[in-house]
Amino acid sequence: MNQTTPIQQAKNSSPAMSLDLAIGGMSCASCASAIEKALGNLPEVSMASVNLATEQAHVELSTNINAERILQAVVDAGYEAQIIARHAPRREEPLQGGWHVVFAVMLTLPLVIPMLLDLFGTHVMLPGWLQWLLATPVQFWLGARFYRAGWKALMNRSGNMDLLVAIGTSAAYGLSVYMLMLGEIHFYFEASSAIITLVLLGKWLESRAKRQTTEAIRALQQLKPETARVKHDDTETEIPLEQVVINDLVIVRPGERIAVDGQVVEGKSHVDEALITGESEPVVKETGSRVTGGAVNLDGVLLVRTLAIGAETTLARIIRMVEDAQIAKPEIQRLVDKVSAVFVTVVLVIALITLLAWGIASANWETAIINAVSVLVIACPCALGLATPTAIMAGTGVAARYGILIKDANALELAHKIDDVVFDKTGTLTEGKPSVTATKALDGDDTTLIRHAAAIEHGSAHPLARAVITLAEKRGIVYEPVTEMKDMAGLGLQARLDGRPAYLGNQKWMRQLGIDEALLAGLAQEAASIGRTVSWLAMETDGKLQLKGMLVFGDEIKASAAFAIKRLHELDIGTVLLTGDNQSSAEKVATQLGIEKVLAEQSPATKADAVAALKQQQRLVAMVGDGMNDAPALAVADVSFAMSSGTDVAMHSADVTLMRSDPSLVAGTIDISRKTYRKIKQNLFWAFIYNLVGIPLAAFGLLSPVVAGAAMALSSVSVVTNALTLRYWKPIKILKKRYN
């Protein structure tokens, strides 16, 4: 990568409060730490995070700064940097280094084969000059990258894996040249060449494996069509997707991907949204249905009115969330960063002690050098740096494939420790499409009761309001919107109707207003006993508030809700129902689903207080909701889940967005979190164990340099490969017959 061109380009770029950089030249966790330190030394930088697995840096700025200074700081630290557009599509870079590995193997095999044959009693040895001839291009041509990177690290008073390899192989090569000049017949050219070859092979395999951790992002990016077929009057024109604007009519034929987020204005079809929501079954879309860009239209022609374009589309937001989660570092990474910052220095000290101890104790400096070389080349800072980010990338990527969007790495890390899950009811455990199942007017005039209720509910977006409006339209009841309408959170609506104060809300509010609901209390109790929700209408008559009647609402419980609760209990997680409904109705739903605890008649503020109270019991609490009134509770919870079918406010407040309106995905999120966290711990264990066991063995002369080099190369590959097993995770298959 050209280091000067990006800086020259940066001179013309506008200052920003955050930057994303593509980093070149990193080889291990020590490199990432060095870059973070270099960026952190700039007074304008408030936070810098470097991800070894993605080879990217995210920089947060406290004040505006010319991007040139940011790039120059990375270059001065000995690495390459280039600004990348925020959330720009990841380009599929060709895998580098394959031919270098092939050449290294071809030159090294003649050196290693005699050593292997010697183990079986066959003594064949190449002449010293031929060994030197084979080893020299490996050392100084194919291994030049280690010298360059190691020298840059030294110039910046830091260390990295390349420095360890450069020093170790140079020592083995130099010792062999010295012995060749003395006329000796025993050399270590095979050790220096084998180490470089194994490291090159390991880095190539590592790069190949790391590429697979980002395949979820690439798969999502490939969903976006490049063109759209737009209809203007009676003319159809195919134009680049970037030229589509809001309210354009886009034609989608069978077999095509839907190009934009929008609403169907004509046509009916089945649509496959599997790669976006994880829903395997095609979904019927007809006039009035919302569609998502990237989904596949299967069998009918749809005419779609564009509602969102560019960065505001659902697909763009999904990609943005997954990328953010993969860039971020969880808490557990901080320990690794501290170790990585001093790792190379500690290894160099141990190698020096090994050299001096063996040389002084045995007076055999040849053995001392070889043992010190083994110490240098078995050290594995790469494995430490890759242990956490590769697991995070694999975990968030596979979760996204099944409709679980995790906002950041900390949410993924916390989710495995959840003790209680708190559920909102309407739209979360129920379908969120209530209908009016009964009306009761005290004066017997149900039509007037519905007219008054519809007038009050006209300006509300609440699901119950939509149910009342739908009923009025179905019965052809005409109503006039009220004035002075006010939403009383957690209680209901108040307004002026026909010049009189009117109140439509729950029983709790009626009691606060001092309204006698005794005449309808029996019917209300009967409705609540079967899980119905009741709204009461009261109006001022002759200067006194009087009850006018009530409306009863029914909302179907989601087919997956009972299974979701059962699955959480199997994971030893407590469940709580937190709702604004009355106690009897809430308890009925909780009993049907098996929920352990009910907190009913809650306002948005008291919902947040209830979640806070659970947290005070030293419990790690998750909240699941979908409405605007859930936002305060979502913000208070340790981990928050929002249904994508809900409001934008809820989704913006949440740590996890569930792309399918399926509560069983909560258990799926906890499951993938536990498995990802387990992989992180496994990776860190193996990364540390390689070093804790390997370095002492090498220092005591129990490992040859070749074996040490193989172990070092294997460590990084094994860590990445272990993380990649997460790609095969699947949430428990939910079948309708299991719900019944």
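This is a predicted model: local features need pLDDT of at least 70, side-chain atom pairs count only at pLDDT 80 or more; totals for chains, interfaces and linings use all residues.
Local features need pLDDT of at least 70 and side-chain atom pairs count only at pLDDT 80 or more, while totals for chains, interfaces and linings use all residues. Residues are numbered from 1 along each chain as its sequence is written, and side-chain values use heavy atoms, with hydrogens and water left out.

**Aromatic pairs**

- The structure holds eight aromatic pairs. Rings of Phe, Tyr and Trp (its six-membered ring) pair if their centres lie within 6.5 Å; planes under 30 degrees apart are stacked, over 60 edge-to-face, and the rest tilted.
- One of the pairs is Phe140 with Tyr147, which is stacked at 5.9 Å centre to centre, with 20° between the planes.
- Phe685 and Trp686 pair edge-to-face, at 5.3 Å centre to centre and 75° between the planes.
- Phe140, Tyr147, Tyr173 and Phe189 form one aromatic cluster.

**Accessibility of the paired rings**

- Phe140 is partly exposed at 45% relative accessibility. Buried means under 20% relative accessible area, exposed over 50%, and partly exposed in between (1.4 Å probe, protein chains only).
- Tyr147 is partly exposed at 28%.
- Phe685 is partly exposed, with a relative accessible area of 46%.
- Trp686 is partly exposed, with a relative accessible area of 48%.

**Ser374**

- Ser374 sits in helix α13, residues 365-378. Helices are DSSP runs (H or I, at least four residues), numbered from the N terminus.
- Ser374 counts as buried because its relative accessibility is 0%.
- Leaving aside residues up to four places away in sequence, Ser374 touches Ala698, Leu703, Ser704, Pro705 and Ala708. Contact means heavy atoms within 4.5 Å.

Note on methods: Helices (H or I, at least four residues) and strands (E, at least two) are DSSP runs, numbered from the N terminus.
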